[in-house]
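I am opening a notebook on this structure and will write down what I looked up, in the order in which I looked.

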Amino acid sequence: MSLRRTLPILALAGAAVALTACATFQRGPVGNTAVPQPAQAVDLNRYAGLWYEIGRYENGFERDCEGVTARYAVRDDGLVGILNSCRQGGLNGDEKTVEGKAKIVEGSRNAKLKVSFFGPFYVGDYWVLARAEDYSWSIVGEPSGRYLWLLSRTPHPSRDVRDAILRRTRELGYDLSMVRETRQP
């Protein structure tokens, strides 16, 4: 392969690595200094589908986002497809979407995934720390304790369900004062 053809490929690969590094080092305050290991196995076919974010620790890649959803799909190649979306600037704002994929961490009973939104680079951790038996809600974090997502199958879970999610989040060691409620339509 000639140098003229190789340089653009190397430049693209370098840009992907740089973007991944930026996303990886974009850190907020720690809300849990002792993130527990996931305790429940996850049936990916039951986990697949649409989730509504009802709360999160604020982070740079979701700044100013409302109406946040995540759609997961089990792919034929064994990976999990991801489609995240939000309304930028408010519920009537422009829709912003990003597609990604995740691979299962071996030995995790499907509760830990490595995610990629930048080609072949799997740098993000996605840990299903707790979930309802019927898969109606889920608490997602990662090892640093800087990221947290509270998910529900409905955009407006009942007060009892919301209280159960928050109670379990507190039991897992998370600082609830850092949770930013996500507005849903």
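**Lining of the largest cavity**

I began with the lining of the largest cavity, to which α2 (44-47), β2 (65-74), β3 (80-88) and β5 (112-116) each supply at least two residues. The model is a predicted one, in which local features need pLDDT of at least 70 and side-chain atom pairs count only at pLDDT 80 or more, while totals for chains, interfaces and linings use all residues. Residues are numbered from 1 along each chain as its sequence is written, and side-chain values use heavy atoms, with hydrogens and water left out.

I noted what a cavity is here: on a 1 Å grid over the protein atoms alone, a set of points where a 1.4 Å probe fits but cannot get out, with lining residues having an atom within 4 Å of a point. Grid points are joined across faces, edges and corners, and a volume is the space filled by probe spheres set on the points. I found 1 cavity of 30 Å³ or more, and the largest cavity has a volume of about 100 Å³.

Which element gives the largest share of the lining? It is β2, with 3 residues. Among the lining residues I listed Tyr 72, Ala 73 and Val 74, as well as Leu 44, Ile 82 and Tyr 126.

**The disulfide**

I next looked for disulfides (cysteine sulfur atoms within 2.5 Å) and found 1. Cys 65 and Cys 86 form it, with their sulfur atoms 2.2 Å apart. The pair links distant parts of the chain, as Cys 65 lies in strand β2 and Cys 86 in strand β3, 21 residues apart. Are these cysteines buried or exposed? Cys 65 counts as buried because its relative accessibility is 1%, and Cys 86 likewise at 5%, buried meaning under 20% relative accessible area with a 1.4 Å probe and protein chains only.

**The whole chain**

Lastly I stepped back to the chain, which has 3 helices and 9 strands in the order α-α-β-β-β-β-β-β-β-β-α-β; these are DSSP runs, helices (H or I) of at least four residues and strands (E) of at least two, numbered from the N terminus. Buried residues make up 39% of its 185 residues.

Methods
Buried < 20%, exposed > 50% of the residue type's maximum accessible area, 1.4 Å probe, protein only. 1 Å grid on protein atoms, 1.4 Å probe; cavity = no way out; pocket = protein on both sides within 12 Å on 5 of 7 lines; lining within 4 Å.
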